[in-house]
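Dear colleague,

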Amino acid sequence: MNNVFEPKRFGNYLLHDLKNAKDNYLYSFIITAGLPVLTFILVEILGMIFNKNHGFVEYPLAVQIVSVIAAVTSAMIVFPIKQYGQITDKRYGSSWVMLPASGFEKWLSLIIMTCVVLPVCLFTVYLGLDWLMSVVAPGLYPKSLASYETVNEIQNAFNGEDVSFNAMSLGWLSWVENILTFTLGAVFFKKSKFPKTLLCVMAFGIILSFIAMACIGTGHIGTDNVEELFKEFSNGDPETAVRRFKALVHIIACAYVAVLAGGIYVRITSIKH
């Protein structure tokens, strides 16, 4: 039997991970994915209370946008803690270490759960309910976020005159970056997982800002340097500059994801209780 990866053994562990997700996160998932319905009901109840005519009120577009942001943010923070945060607990973690699966298989299952299964399930249910609300209450609920017009509007927002990005791939990459950040915090810290992770992210951002300011302040990066660097980067061709800029953005994002995934792998394969 292969000690690193064996398909049947991995399949059994992935099913175990899915069952754990159902037990640990199902109720939170229902609330998170059901926000289109819950917020609509809340808005209508408040409308009936405060509206002088005591009639139905139009569901604000701002609430629809805040709702999807809240759902995504909540899922990225809560799921890793509920699903994998317990492995740092001595009692649960000891049982988890003894499960019949290699460290690589446990890590691969974690990546699949956080980067594929959760976003697919969340957005399928959320957008499905969002679309259903727009059909059931067309005069009150705005256009569904999954409608053709809305998808086009979102994509057009990423289409500039010179630079354009695929909104869907950029959104998924952003999801992966963020959820792996909080997953690393969940498996690394024993207590106060979210606050400590957030503080680390803030500290990392501050350090990068100081480094950038130091480079500018010492003259290592100046107007002349930037112009010279841009000429070399673009090779005198604006289209080349755009193409290389997009490639650079994806390389940096992928490198960040690789570091996070590597950190998670090292952590879960080195846990001992």
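Below are notes on the charged pairs, the surface, the cysteines and the aromatic rings.

Please keep in mind that this is a predicted model, in which local features need pLDDT of at least 70 and side-chain atom pairs count only at pLDDT 80 or more, while totals for chains, interfaces and linings use all residues. Residues are numbered from 1 along each chain as its sequence is written, and side-chain values use heavy atoms, with hydrogens and water left out.

Charged pairs

A search of the whole structure gives 4 salt bridges, a salt bridge being a side-chain nitrogen of Lys or Arg within 4 Å of a carboxyl oxygen of Asp or Glu. One of them joins Glu 105 to Arg 9, with 2.8 Å between the closest N and O atoms. Because Glu 105 belongs to helix α5 (residues 103–136) and Arg 9 to helix α1 (residues 7–33), this pair ties together parts that are 96 residues apart in sequence; helices here are DSSP runs of H or I with at least four residues, numbered from the N terminus. Glu 105 is buried, at 0% relative accessibility, and Arg 9 is also buried, at 15%, where buried means under 20% relative accessible area, exposed over 50% and partly exposed in between, with a 1.4 Å probe and protein chains only.

Within helix α1, Lys 19 and Asp 23 lie 4 residues apart, about one turn of the helix, and their side chains meet in a salt bridge of 3.1 Å, N to O. Lys 19 is partly exposed at 49%, as is Asp 23 at 43%.

Lys 143 forms a salt bridge with Glu 153, the closest N and O atoms being 3.3 Å apart. This pair links distant parts of the chain, with Lys 143 in the loop between α5 and α6 (148–157) and Glu 153 in helix α6, 10 residues apart. Salt bridges that share partners also join Lys 19, Lys 22 and Asp 23 into one network.

Surface and cysteines

Ile 41, Leu 42, Ile 45, Leu 46, Ile 49 and Phe 50 make up a nonpolar patch on the surface, with about 620 Å² of accessible area together. Of these residues, Leu 46 lies in helix α2 (residues 35–50) and is partly exposed at 40% relative accessibility. Such a patch takes residues with over 30% relative accessible area and no salt bridge, joining nonpolar side chains (Val, Leu, Ile, Met, Phe, Trp, Tyr) within 5 Å and like charges within 9 Å; the areas come from the Shrake-Rupley method with a 1.4 Å probe, and for residues only the protein chains shown count as cover.

The structure holds 0 disulfides, a disulfide being a pair of cysteine sulfur atoms within 2.5 Å. Cys 121 is partly exposed at 36%, and Cys 200 is partly exposed at 43%.

Aromatic rings

The count comes to 13 aromatic pairs, in which rings of Phe, Tyr and Trp (its six-membered ring) have centres within 6.5 Å, with planes under 30 degrees apart called stacked, over 60 edge-to-face and the rest tilted. Among them, Phe 5 and Phe 104 are edge-to-face, at 6.2 Å centre to centre and 80 degrees between the planes. Phe 5 lies in the segment before α1 and Phe 104 in helix α5, 99 residues apart.

Ring pairs also link Phe 5, Phe 10, Phe 104, Trp 107 and Tyr 265 into a cluster.

With kind regards

Definitions and conventions. Helix = DSSP H or I, 4+ residues; strand = E, 2+ residues; numbered from the N terminus.
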